Each structure stands twice: as structure tokens, then as C-alpha cells.
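Let's take a walk through a protein model together. Have the chain open beside you and look up each residue as it comes along.

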Amino acid sequence: MPLYANASCKDEQVYLTNDTLADALVDLAAKHAPASCHWVDLGVGEGALIRRMPHPRSGVECRQIDPGLRCADVHYGRDALKWAPTDHAEGICVCMNPPFKESVAFFNHAARFGRDSAPLLICWIAGVNIRLWSTEDRLDPRMELVEEFLVPSHMSTFLVPFKGARGAARNVLVKTVVQVWRRRSDGFARAQWNLPKRLSGFRCV
């Protein structure tokens with residue numbers, strides 16, 4: 001499967017999660033989530049993830065969704081990178097499928113939720129480019145990767161919802177991974193890649 005198939009620059013990175021992948025993501029998060037936590041969805045879209053989350057839960061979506069498709073507990077028309085949950089409970093579990101071009105910004109924003117000493121889990125869908133060292137090194141160094149799965153082909157279909165002047169709604173194939181991260185404390189810092197600037201016998205040009 002190609003990295004992207006049937007995708008377009010007009011998609012504006014709005015790829016809605018299919019039901020099968022949404023089920024798997026929330027089930028996986030539940031395996032690792034703190035016993036008592038507040039569930040959060042950044043970039044709700046049409047609610048595939050948040051509708052599956054247990055209460056208490058909240059979310060944010062930058063678009064103004066049709067009232068008939070809205071979910072309770074979601075703040076619409078808000079900048080996700082300027083919003084944070086107010087109910088911290090005993091910890092926070094974030095499930096999200098953020099815009100791929102802003103995935104690092106969404107991850108790092110979520111990594112600051114709640115008190116530093118409280119449990120925080122992030123379970124998300126990301127493009128395979130997140131596995132590049134240069135991309136992973138930009139993620140909050142306090143976060144530790146717990147589990148990771150390559151999303152199989154039959155679960156990698158995302159809906160682009162645009163209709164009318166911006167083109168018909170359609171499905172696209174995007175090669176993705178699902179990752180589970182947890183925040184560590186007490187001075188933990190994830191090991192970063194430190195590649196040498198040059199090798200012996202080579203000169204900079």
C-alpha cells in the first residue's frame with residue numbers, strides 16, 4: 001500500500017477515522033489508561049473516537065460541525081492547540097487522530113495536560129513519518145513509547161468529508177501507525193538520537 005492513495009492537497013488534512021480503527025484505538029487506550037482518568041479527544045471531527053470513550057470525557061474541534069452531528073462534551077470552533085481539559089481527575093487519557101501536518105504540535109500540547117505528577121497517556125494515530133528519528137526527536141522528551149502497531153491495510157481507510165465546490169466526499173488510504181505513550185516524571189528524559197556531525201576521513205563541504 002502506498003503512503004497515500006487518492007489523497008489531495010485539497011484535503012486540508014481532515015481525515016476522519018473509520019469505525020474499525022476507532023474501536024481498536026480506544027480499546028488499546030483502555031488497556032493502559034489510569035484506573036480513574038478524564039478522557040480527551042483533540043480534533044474530534046465527527047466523533048468516531050469520543051463517542052467510544054467512557055465518561056468523564058471532553059474534546060475540541062476547530063470546525064463548526066452540523067448541529068445534528070455534534071457530540072456532547074465537545075467544544076466546537078476552538079483552536080485545539082489553545083484548549084485544555086479542566087477536569088483532571090486522577091489522570092488524563094488522550095485519544096486522537098490529529099491533522100498529520102500538525103501531529104507533533106498536537107502531541108506536545110497534549111503532553112502538557114494536567115499536573116506533571118499525574119498519570120498521562122496519549123494513544124494516537126500518526127503517519128509513518130513519525131518513526132523518522134528527526135520527527136520523533138521533536139516529541140516531548142518526558143514521553144515514553146509503550147506500544148506501537150502498524151495499522152493494517154483494511155483499517156487504513158480515512159474519509160475526507162468535503163463536498164460541493166471542494167470536491168466530493170471520498171475515502172483515502174493513508175499508511176499509519178498507532179502508538180501508546182505515557183508521561184514519566186522524576187527527571188526522566190527519553191534518550192534522543194545524537195548523530196555525529198561528521199565522520200573521520202570526511203570533510204565538510
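## The overall layout

The protein chain has 3 helices and 10 strands; these are DSSP runs numbered from the N terminus, with helices (H or I) of at least four residues and strands (E) of at least two. In sequence order, the pattern of the protein chain reads β-α-β-β-β-β-α-β-α-β-β-β-β. This is a predicted model, in which local features need pLDDT of at least 70 and side-chain atom pairs count only at pLDDT 80 or more, while totals for chains, interfaces and linings use all residues. Residues are numbered from 1 along each chain as its sequence is written, and side-chain values use heavy atoms, with hydrogens and water left out.

How much of the protein chain is buried? Of its 205 residues, 44% count as buried, where buried means under 20% relative accessible area, exposed means over 50% and partly exposed is in between (1.4 Å probe, protein chains only). The protein chain exposes about 11000 Å², and carbon and sulfur atoms supply 52% of that area; the areas come from the Shrake-Rupley method with a 1.4 Å probe, and for residues only the protein chains shown count as cover.

Now for contacts, meaning heavy atoms within 4.5 Å. Among the contacts in the protein chain with a separation of 6 or more, 70% are between residues 24 or more positions apart.

Why is helix 2 described as largely enclosed by the rest of the structure? It is because 7 of its 8 residues are buried. Those buried residues are Ser 103, Val 104, Phe 106, Phe 107, Asn 108, His 109 and Ala 110. They pack against strand 2 (38-42), strand 5, strand 6, helix 3 (133-136), strand 7 (143-150) and strand 10.

Strand 6 (residues 120-127) is where you'll find Leu 121. Leu 121 is buried, at a relative accessible area of 4%. From Leu 121 to Ala 110 is 11 residues in sequence and 9.2 Å in space, C-alpha to C-alpha. Setting aside neighbours within four places in sequence, the contacts of Leu 121 include Ala 29, Ile 92, Val 94 and Trp 181.

## Rings that meet

A pair of aromatic rings is described by the distance of the centres and the angle of the planes. Rings of Phe, Tyr and Trp (its six-membered ring) pair if their centres lie within 6.5 Å; planes under 30 degrees apart count as stacked, over 60 as edge-to-face and the rest as tilted. By this rule the model has 4 aromatic pairs. Here are two of them:

| Pair | Centre to centre | Angle between planes | Kind |
|---|---|---|---|
| Phe 100 and Phe 158 | 6.3 Å | 85° | edge-to-face |
| Phe 107 and Trp 181 | 5.3 Å | 75° | edge-to-face |

Phe 100 is buried at 9% relative accessible area, and Phe 158 is buried at 0%.

Which residues line the largest cavity? They are Ser 103, Val 104, Ala 126, Gly 127, Asn 129, Ile 130 and Thr 135. Helix 2 and strand 6 each supply at least two residues of this lining.

Most residues other than glycine have a negative phi, and most peptide bonds are trans. His 55 and Pro 56 are joined by a cis peptide bond, with omega about -5°, and Pro 56 is in the loop between strand 2 and strand 3 (57-61). Asp 73 isn't glycine, yet its phi is positive, near 70°. Asp 73 is in the loop between strand 3 and strand 4 (74-76), and it is partly exposed, at a relative accessible area of 37%.

Technical notes
On a 1 Å grid over the protein atoms alone, a cavity is a set of points where a 1.4 Å probe fits but cannot get out, and a pocket is an open set with protein on both sides within 12 Å along at least five of seven lines; lining residues have an atom within 4 Å of a point.
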